[in-house]
Amino acid sequence: MNIRKILIIALFIFLIPMLGWISPNKNNVNINRDLYSSKSNIEFHNTIENKKSYIDNLLKSKVKIKIGDDIVEDTVEEYLIGVTAAEISPTYELEAIKAQMVAAHTYAINKYGESGPYPADPCVFQAYINKEGRKEKYKDNFNEYEQILKDIAASVVDKIIVYDDKPIVAAFHSMSGGTTKSSEEVWGSFVPYLTSTDSSVETALQNYTTQKIKNITESYNLIKSKYAEAQMPQEHNNIIKIVSKTESGYVKNAQIFGVELPGSKIRSIFGLPSSDFSVSIDNCDIIFTCKGNGHGVGMSQQGANELAKQGKTYEEILCHYYNGVSIKSL
């Protein structure tokens, strides 16, 4: 027994140095991992700081804005906030507002480059509201809405929509007739990313269908003043007839007081919300029943809002309405 005890003690004494060797090696591994982790954290931190600096520089970079006959210089941030405020409600879903801001920014760069000057006249280009105008428009909600738009500008200022690596003509409108139009249907030229797209998410909205009532005599005088060949038919039911429709359901051509006109022209003459309309006659009136609002090409703003409610990101929304595009960082 004594000899056995002596052997056990001797074995234990022999193993003590080996335990010491194991322990330092384990600590060394931990130290090396800590050093590697610290290096990664520093690199990650630097990446975040570099990205933030880049975004700040983009926001503060200068662009020219043409207001009336004057050209003023302001920041990209201010232009993006002003053009988005003029084109969409800040009460919309955040992803829909992002989609609108990226579309407006892309459209501006496509037409006038990265520094403008960008016309602030909606009849010429995109609408724009300066800070004073936004204060007047939003009143007590100004600070809240302004912060929403500032945050969105910071999140998407470096993003544009491209096709074949070039910024697109990012057309947009208020609401489609359940299907957007192709560029050919409205402007007569094919653009591969401006094709007809499903937007049936809008059809349940309260303002999807509207009516415009026009007096027959006043309507005749209006058409006659523009087209001398116009004639008042004996039968009121022959006043206006839809001749053809586009594939997406909009009126392509219609005959009114004997004159055949494009649906887009009739929309313009009578101030209709869209060229997706049907007609009926009631005593002395022409009743236009319209679906949607706007020219119908590209992104539908209210459709974008409905898609955002379904959880779609702004990238998904843009790729839904613009065929075959991608979102690129500046």
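**Notebook: aromatic rings**

I started with the ring cluster: ring pairs join Tyr 79, Tyr 107, Tyr 112, Tyr 118, Phe 125 and Tyr 128. A reminder to myself that this is a predicted model.

Next I looked up the total. The structure has 10 aromatic pairs. I picked out Tyr 112 with Phe 125, an edge-to-face pair with 4.9 Å centre to centre and 85° between the planes. Where do these two sit? Tyr 112 belongs to helix α3 (residues 94-112), while Phe 125 is in the loop between β3 (118-119) and α4 (131-138), so the pair ties together parts 13 residues apart in sequence.

Then I checked how accessible each ring residue is. Tyr 112 comes out at 32% relative accessibility, so I noted it as partly exposed. Phe 125 has a relative accessible area of 10%, so this one goes down as buried.

I moved on to another pair, Tyr 220 and Phe 257. They are edge-to-face too, with 5.3 Å centre to centre and 70° between the planes. This pair links distant parts of the chain, 37 residues apart: Tyr 220 lies in helix α7 (residues 216-226), and Phe 257 is in the loop between β9 (251-256) and β10 (259-262).

Is Tyr 220 buried or exposed? I found 16% relative accessibility, and since buried means under 20%, Tyr 220 counts as buried. For Phe 257 I got 0% relative accessibility, so I wrote it down as buried as well.

Notes: Residues are numbered from 1 along each chain as its sequence is written. This is a predicted model: local features need pLDDT of at least 70, side-chain atom pairs count only at pLDDT 80 or more; totals for chains, interfaces and linings use all residues. Side-chain values use heavy atoms; hydrogens and water are left out. Rings of Phe, Tyr and Trp (its six-membered ring) pair if their centres lie within 6.5 Å; planes under 30 degrees apart count as stacked, over 60 as edge-to-face and the rest as tilted. Helices (H or I, at least four residues) and strands (E, at least two) are DSSP runs, numbered from the N terminus. Buried means under 20% relative accessible area, exposed over 50%, partly exposed in between (1.4 Å probe, protein chains only).
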